[in-house]
Amino acid sequence: MSSIHEEHEKTSVSNKRIIIVFSIQVLLFLILIIRLFFLQIVNYDRYKQLSEDNRIKTFVIPPLRGHIYDRNNIKLTENQKKYRVQLYKNSENKNNSTEVISKLSEVLKLSNDDYLKVLKRLEKNKDQPIVPILDNVSWEDLVKIETNSYMLDGIMIENGYIRYYPYSTMFSHIIGYVNNPLKNEIDAEKNQKTKELLLHPDYKIGRTGLERLFNENIMGKNGFKKLEMNALSVPVREMYSENSTEGKDVTLTLDFHLQKFVEERMNGISGAVIVMNVMTGEVLSMVSTPSYDSNKFVEGISTDYWDELNNDPTKPLNNKCVSALYPPGSTFKLITAIAGIESGWDVNKQIMCEGKVALNKKRTLNCWKKTGHGILDMSDAIKNSCNIYFSRVGTFAGIDNIYKVATDFGLGEKYDIKLLNQKQGNIPNRDWKKKVFNDVWVSGDTVNTAIGQGFLTTTPLELVVMVSRIANGGYKVKPFITKDSSTADENLSLFSKEPMVKKETLDIVKYGMYRVVNEGGGTAYASRIKEPEYEMSGKTGTAQVIAKEKKDLMEEDNNDVEMKFRNHGLFVAFAPYKNPKYAIVVVVEHGGGGAAAAAPVAKDILYYAQKNNIGFDSSNLQTVISDLKK
């Protein structure tokens, strides 16, 4: 009996254990079911996305940059299609990327220099999942890569675009260039999507010129594409894509044909040229020489070329039209003349020039012509650029009036012309000298200023504005370089108002400028345009180069000096004499006097511009302005 009872108890215990085990199994099964429910039903979207993120990768598509055009819709920039080779790092090749590159080098038979450049790229982008290896790959090399793809793990060929400047040296100082984002710019970006964009080999940032100033508008809107990846994280196929939106275009007031002519005319000359429409303010040409090849900056400039540019004493990287400061020399006498006449100076009053005059017991002022000019009135003095005459006019007008006229006519001013590194000339006066030197203004300072020397500095841009305002009758036009500039409307509104000075004042000055070029004995007579309808009027100038190694020399002695210590030649002019259209400034660095160095350049350029009616198309503002002036 006892054994039956014991057997029953054993059976009962066994059944309980079975029930417990079964219950645990049921519970575990229920937990599994519930877990699967949450994974597959409740959290389906989330885990689907995570799964797709492992299998499908989203890549940004940088937009094509908008184009820059000249006033005739000639394209000055291009987005050229290219093929490039990239290395997609994955679990298999992450630690042996160098071996992959070595195999690629063997396949393409890269030179040692090219191989080292690729290794340098690999090192530079060692923390990036995608590394650009080669750009602008030829079709022959593409075939080699495809044929040997089985041994080039992670190597992929992709389409891309590169910014190209077909007329690079002609417009480099205006358009500038683009290149890749810098490491610190990438590291500073917090947004992951934006960082991916910065890392893309096709993404470029405007670094100088209009490319930089209009970068946001020219850039456009990004697109994206989804690629299916295999187990090695190598793209298999494209699943979906959304195209990027090309950036906005920019149209310039510059004329391609004139720009080309000016660049060719300035070949071998270090200096600057600006041509401007005297009525509208449109800059038709702006050339700084020597220039540089902006295409060499796009994919990263070589050390040799960078050193070459930086060590060049002629400073090819500088846009001298807006960033170089020169003493205006005798071109400033036009301002002194206006200030004198407006202050009551009798233009018919005659002054004797004997070649020098004593300013005080210690100082003598020399005229550039040692034998003197004899008796002159205002028109004669402009024609002959007489220092003695203008020292008298300047003293009569006084520095306050000279300063006012100089600033009214555009000197010492920065302009909203959409160009970087623009400098501002210095027009000295009493307050300036007190602030800078803690000293009082004296009569000798006025004389120096009146003849364009002393503390005066100007940029070529300021000088061309000065001439434009003289030529157009005294209206404060401002320069602009892009067609959609609000400055165009501002300039247009000026011609319904009164000019800054009397018409008679500017008539005298313009007639003197006419005689400079078109009468025998004028300082630029050798550069006259002989066809009457194209005659130019101008003013020569010599900007002294100050150096302790160089004594002050007269213009005719300048060739006895080492080149780097020679004076700069300046010439400002407008054309034609009747109903002026164009203003020009020419600076020839270390060229000596403006008559010999700069005036011949201006003659050729103004003749070309007039013969080809540059900038005066049917859509020009000239007709509207002429109607307003009536």
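The residues that line the largest pocket divide into 14 nonpolar, 10 polar and 18 charged. In this scheme Ala, Val, Leu, Ile, Met, Phe, Trp, Tyr, Cys and Pro count as nonpolar, Asp, Glu, Lys and Arg as charged, and the others, Gly among them, as polar. In total 42 residues form this lining, and R121, K124, N180, E299 and G300 lie nearest the centre of the pocket. The volume of the largest pocket is about 1600 Å³.

A word on the source: this is a predicted model, in which local features need pLDDT of at least 70 and side-chain atom pairs count only at pLDDT 80 or more, while totals for chains, interfaces and linings use all residues. Residues are numbered from 1 along each chain as its sequence is written, and side-chain values use heavy atoms, with hydrogens and water left out.

Confidence comes as pLDDT, the predictor's confidence in each residue, from 0 to 100. The protein has a mean pLDDT of 86, with 87% of its residues at 70 or more. Residues 547-557 have pLDDT below 50, and this stretch has 18 contacts in the model beyond near neighbours in sequence. A contact here means heavy atoms within 4.5 Å.

**Pocket and cavity**

Both kinds of space are found on a 1 Å grid over the protein atoms alone: a cavity is a set of points where a 1.4 Å probe fits but cannot get out, a pocket is an open set with protein on both sides within 12 Å along at least five of seven lines, and lining residues have an atom within 4 Å of a point. Grid points are joined across faces, edges and corners, and a volume is the space filled by probe spheres set on the points.

Helices (H or I, at least four residues) and strands (E, at least two) are DSSP runs, numbered from the N terminus.

The structure also holds one cavity of 30 Å³ or more. About 60 Å³ of space lies in the largest cavity. Its lining has 13 residues, and T169, M170, H173, V287 and S288 are the closest to its centre. The elements that give two or more residues here are α6 (168-175), α11 and β12, and α6 gives the most, with six residues. By class, this lining has five nonpolar, seven polar and one charged residues.

**Two open sheets**

Strands count as paired if DSSP finds at least two bridges between them. Angles run from 0 to 180 degrees between N-to-C directions, and axes are lines fitted to C-alpha atoms, for helices over the stretch in contact.

Five strands make an open antiparallel sheet in the order β12-β11-β19-β18-β17. Its edge strands, each pairing on one side only, are β12 (283-289) and β17 (537-543). From one strand to the next the twist averages 5 degrees. Strands β11 (residues 271-277) and β12 pair antiparallel over six bridges, and G271 has T289 in β12 as its bridge partner. Helix α11 (residues 256-265) packs on this sheet, touching β11 and β12, and its direction makes about 30 degrees with that of β12.

Three strands make another open antiparallel sheet, ordered β4-β3-β5. Here β4 and β5 (155-164) are the edge strands, each pairing on one side only, and the twist averages 45 degrees from one strand to the next. Four bridges join the antiparallel strands β3 (residues 78-88) and β4, with Q86 opposite P132 in β4. Helix α3 (residues 97-108) packs on the sheet and touches β3, β4 and β5, its direction making about 25 degrees with that of β4. Helix α4 lies across β3 and β4, running at about 165 degrees to β4.

**Backbone exceptions**

Most residues other than glycine have a negative phi, and most peptide bonds are trans.

| Cis peptide bond | Omega |
|---|---|
| T289 to P290 | about -5 degrees |
| A575 to P576 | near -10 degrees |

P290 sits in the loop between β12 and α12, and P576 in the loop between β18 (568-575) and β19 (582-588). N73, although not a glycine, has a positive phi of about 65 degrees; N73 lies in the loop between β2 (68-69) and β3.
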